[in-house]
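Here are my notes on the model, point by point. Please keep the structure open while reading.

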Amino acid sequence: LHYVLIEAPPRLIKRRKGATTAAFTAVPYKARWRIRRWLAQLDGTEKPQRGLFLTGTDASLLSAAARFAVHEADEQGRTHILVGASDRLPTTHGKAATEAGLLVLERVEFASESVAKLIHARSDALRPMIVTSCRDREALPDPHLVRVFRAWTETITVSVARAPTTHRHAA
């Protein structure tokens with residue numbers, strides 16, 4: 001054990017750097033697993049056919065899920081850009097965000113016009129994208145974004161698992 005922990009050359013073992021998955025325990029295991037699975041399929045020879053639409057009622061939980069996706073992308077060596085949907089993107093940043101390996105958009109229900117254009121450009125180019133929203137994708141105010149997300153994203157509901165009840169039902 002001493003050899004593995006202290007003396008083993010780095011090529012024999014993989015030591016994680018930075019935040020560990022313990023920092024993301026607020027995100028339910030099933031959501032973390034589905035995000036990891038989706039990121040792993042990006043390695044295929046074909047471009048991904050779908051993005052991820054993370055939805056839920058708790059904004060802090062959605063933010064943690066987005067940070068988890070960014071962390072996992074870092075672990076896999078992927079280039080990525082994290083953008084708040086209400087941000088106003090200058091043309092140069094918009095071009096970089098369009099060409100990035102992975103785009104993570106937080107709170108897409110507040111999408112600015114420049115971010116909406118970015119979403120359309122990335123979906124036209126079949127570039128991978130993860131978006132978060134406290135609204136269901138059908139309830140978004142922009143009908144064009146609803147169509148893009150309906151056709152192009154897989155929905156994952158990020159919510160805290162219900163605790164089992166201890167009450168027994170009367171027979």
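1. Ile 81 is partly exposed, with a relative accessible area of 25%. That value sits in between the cut-offs, as buried means under 20% and exposed means over 50%. Ile 81 belongs to strand 2, residues 81-84. Setting aside neighbours within four places in sequence, Ile 81 touches Ala 96, Ala 97, Ala 100, Leu 102, Leu 103 and Val 104. Met 129 is 48 residues away from Ile 81 in sequence, yet their C-alpha atoms are 9.7 Å apart. Keep in mind that this is a predicted model.

2. Arg 78 is in the loop between helix 3 (59-75) and strand 2. Is Arg 78 buried or exposed? Arg 78 counts as buried, because its relative accessibility is 18% and the cut-off for buried is under 20%. Beyond its neighbours within four places in sequence, Arg 78 is in contact with Leu 39, Leu 42, Asp 43 and Ala 73.

3. Arg 88 sits in the loop between strand 2 and helix 4. Arg 88 is exposed, at 67% relative accessible area. Outside the four places on either side in sequence, its contacts are Ser 112, Glu 113 and Ser 114. Arg 88 and Glu 113 are 25 residues apart in sequence. From C-alpha to C-alpha, Arg 88 and Glu 113 are 7.8 Å apart.

4. Most residues other than glycine have a negative phi. Arg 107 has a positive phi, near 60°. Arg 107 lies in the loop between strand 3 (103-106) and helix 5, and is partly exposed at 26%. Leu 126 also has a positive phi, of about 55°, although it is not a glycine. Leu 126 is in the loop between helix 5 and strand 4. Its relative accessibility is 30%, so Leu 126 counts as partly exposed.

5. Next, a helix pair. Two packed helices are described by the angle between their axes and the distance between the axes. Helix 4 (residues 91-99) packs on helix 5 at an angle of about 30°, and the axes are 9 Å apart. The crossing of helix 4 and helix 5 is right-handed. Helix 4 contributes Gly 94, Ala 97, Thr 98 and Glu 99 to the contact. Helix 5 contributes Leu 118, Ala 121 and Arg 122. Ala 97 is also among the contacts of Ile 81.

6. Helix 6 covers residues 143-152. Its buried residues are Leu 145, Val 146, Val 148, Phe 149 and Trp 152. Seen down the axis, these fall within an arc of 165°, so they line one face of helix 6. The cover over them includes strand 1 (51-55), helix 5 (113-124), strand 4 (129-133) and strand 5 (153-157). At the N-terminal end, Asp 142 caps helix 6. A side-chain oxygen of Asp 142 is 3.0 Å from the backbone nitrogen of His 144.

7. Last, the chain as a whole. How many helices and strands does the chain have? There are six helices and five strands. Along the sequence they run α-α-β-α-β-α-β-α-β-α-β. Of the 171 residues, 38% count as buried. Among contacts between residues at least 6 apart in sequence, 70% join residues at least 24 apart. The accessible surface is about 10,400 Å², with 56% of that belonging to carbon and sulfur atoms.

Note on methods: Residues are numbered from 1 along each chain as its sequence is written. This is a predicted model: local features need pLDDT of at least 70, side-chain atom pairs count only at pLDDT 80 or more; totals for chains, interfaces and linings use all residues. Side-chain values use heavy atoms; hydrogens and water are left out. Buried means under 20% relative accessible area, exposed over 50%, partly exposed in between (1.4 Å probe, protein chains only). Helices (H or I, at least four residues) and strands (E, at least two) are DSSP runs, numbered from the N terminus. The arc is that of the directions from the helix axis to the C-beta atoms. Contact means heavy atoms within 4.5 Å. A polar contact is a pair of N or O atoms within 3.5 Å; within protein, one must be able to donate a hydrogen and the other to accept it, and residues adjacent in sequence count only if both atoms are side-chain atoms. Accessible areas come from the Shrake-Rupley method with a 1.4 Å probe; for residues, only the protein chains shown count as cover. Axes are lines fitted to C-alpha atoms, for helices over the stretch in contact, and angles run from 0 to 180 degrees between N-to-C directions. A crossing is left-handed if the near helix is turned anticlockwise from the far one by less than a right angle, and right-handed if clockwise.
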